[in-house]
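Visitor: I have a few questions about this structure. Please show it before we start.

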Amino acid sequence: MTRFQFESWYDVMMMSGHGPFVWASFAITFAIVAYLWIMPGIRERRLLREQRRLLAIEAAQHAAAREGQGG
Amino acid sequence: MNWQWFHRLGSPRWFFEKTDRWLPWLTAVTLILLLVGTVWGLLFAPPDYQQGNSYRIIYIHVPAAFLALAGYYVMAISGAIGIIWKMKLPYMMMAAAAPIGAALTFVSLVTGAIWGKPTWGTWWEWDARITSMLILFFLYIGIMALQNAFRNQDSADKACAILALVGTVNIPIIYKSVDWWNTLHQPATLKLTSAPTIHATMLYPLLTMVVAFYCLYALALFRYTRVEILRRERRTRWVADLALGIRPGDRPRTQKQDTEASE
């Protein structure tokens, strides 16, 4: 039957000697999953920010060129 | 026959805007499934009668290995579609699939090694299943390296697609390695063609984790593809509008933009 399998939280941690193996596996997996989860968001924002900066430079250059023609 | 839907599927902009609406739902479903599957597998599923509690690693090892393999199909098929129909989006998906596949293959190798220590008494064994998985990992890394090795994006895409397709040979070898060779690795727990060799109380949390990892894979694939789209389409008007926070309705559409969009 499916029920809580452990006597105490210490028991959960130790898992009768296998705890370190099980917990290390889960910790490494979730660290990698977290990396997969977080990275694209950071890169998406970074790309958009970079593009915003380039567009601002281009707009400034256009404005300067127009001013140069006018004067 | 009307092929418009097919070409729309190949439009990076269409994909970007559609996934914008799907992502929150997919994120929620993935988080819930991961949480339920992990708690169920770690704390509520009964221990194995032979392996005790160490078998609980199965709840991440098997789903990660499944997706490492399924992810290779995604990458190779995207590459094939890109070569055949010369579409941009499948190539972007192929490039996005490589780091995700590499990460999941790494997870299955590392969790396998950790599981091996208490079960077989060794972290690593040059056994058929493990070695072919290591080759899969190198294939993913190879695709990532090749993607960056070219100055010309088009050449990079074609080279990667060909490498991905050639590497598909490895996939049936991985599947069959536990049957063809006398290995240390146990045979498959879950098979489509026969009853699972695992009790229902252990099976249901495992299936939950498999579904969770499929969702996680889809989520990661969508998000990495979106980054790839932004990177490659950065000189287009719609990305400029996105960067500046101009919504599609705000700018009066011109004839020129309409033809650009339909390309």
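**Helix packing and the chain contact**

Guide: Helix 2 (residues 12–44) of chain B packs against helix 8 (residues 200–232) of chain B at an angle of about 150°, with their axes 8 Å apart. Axes here are lines fitted to C-alpha atoms, for helices over the stretch in contact, and angles run from 0 to 180 degrees between N-to-C directions. Helices (H or I, at least four residues) and strands (E, at least two) are DSSP runs, numbered from the N terminus. This is a predicted model: local features need pLDDT of at least 70, side-chain atom pairs count only at pLDDT 80 or more, and totals for chains, interfaces and linings use all residues. Residues are numbered from 1 along each chain as its sequence is written, while chains are lettered from A and ligands numbered from 1 in the order in which they are written.

Visitor: How are helix 2 of chain B and helix 8 of chain B oriented to each other?

Guide: The packing angle is about 150°. Angles under 35 degrees count as roughly parallel, over 145 as roughly antiparallel, 65 to 115 as roughly perpendicular and the rest as oblique. Helix 2 of chain B and helix 8 of chain B are therefore roughly antiparallel.

Visitor: Is Leu34(B) buried or exposed?

Guide: A residue is buried if 20 or more other C-beta atoms lie within 10 Å of its own, exposed if 12 or fewer, and partly exposed in between; C-beta atoms are placed from the backbone. Leu34(B) has 21 C-beta neighbours inside 10 Å, so the residue counts as buried.

Visitor: What is the handedness of the crossing of helix 3 of chain B and helix 8 of chain B?

Guide: The two axes come within 9 Å and cross at roughly 40°. That makes helix 3 of chain B oblique to helix 8 of chain B. A crossing is left-handed if the near helix is turned anticlockwise from the far one by less than a right angle, and right-handed if clockwise. For helix 3 of chain B and helix 8 of chain B, the crossing is right-handed.

Visitor: Where does Lys86(B) lie?

Guide: Its phi is near 55°, a positive value in a residue other than glycine. Most residues other than glycine have a negative phi. Lys86(B) is partly exposed, with 13 other C-beta atoms within 10 Å. The place of Lys86(B) is the loop between helix 3 (58–85) and helix 4 (88–120) of chain B.

Visitor: Which helix of chain A gives the largest share of the side that touches chain B?

Guide: The contact takes 28 residues from chain A and 37 residues from chain B. On the chain A side, the largest share is 18 residues, and these come from helix 2 (residues 19–70) of chain A.

Visitor: What is the mean pLDDT of chain B?

Guide: pLDDT is the predictor's confidence in each residue, from 0 to 100. The model scores ipTM 0.87 and pTM 0.89. In chain B, 93% of the residues reach a pLDDT of 70 or more, and the mean is 89.

Visitor: How many helices does chain B have?

Guide: Along its principal axes, the C-alpha trace of chain B spans about 70 × 35 × 35 Å. Of its 263 residues, 37% count as buried. Chain B has 0 strands and 10 helices.

How values were computed: Contact = placed C-beta atoms within 7 Å.
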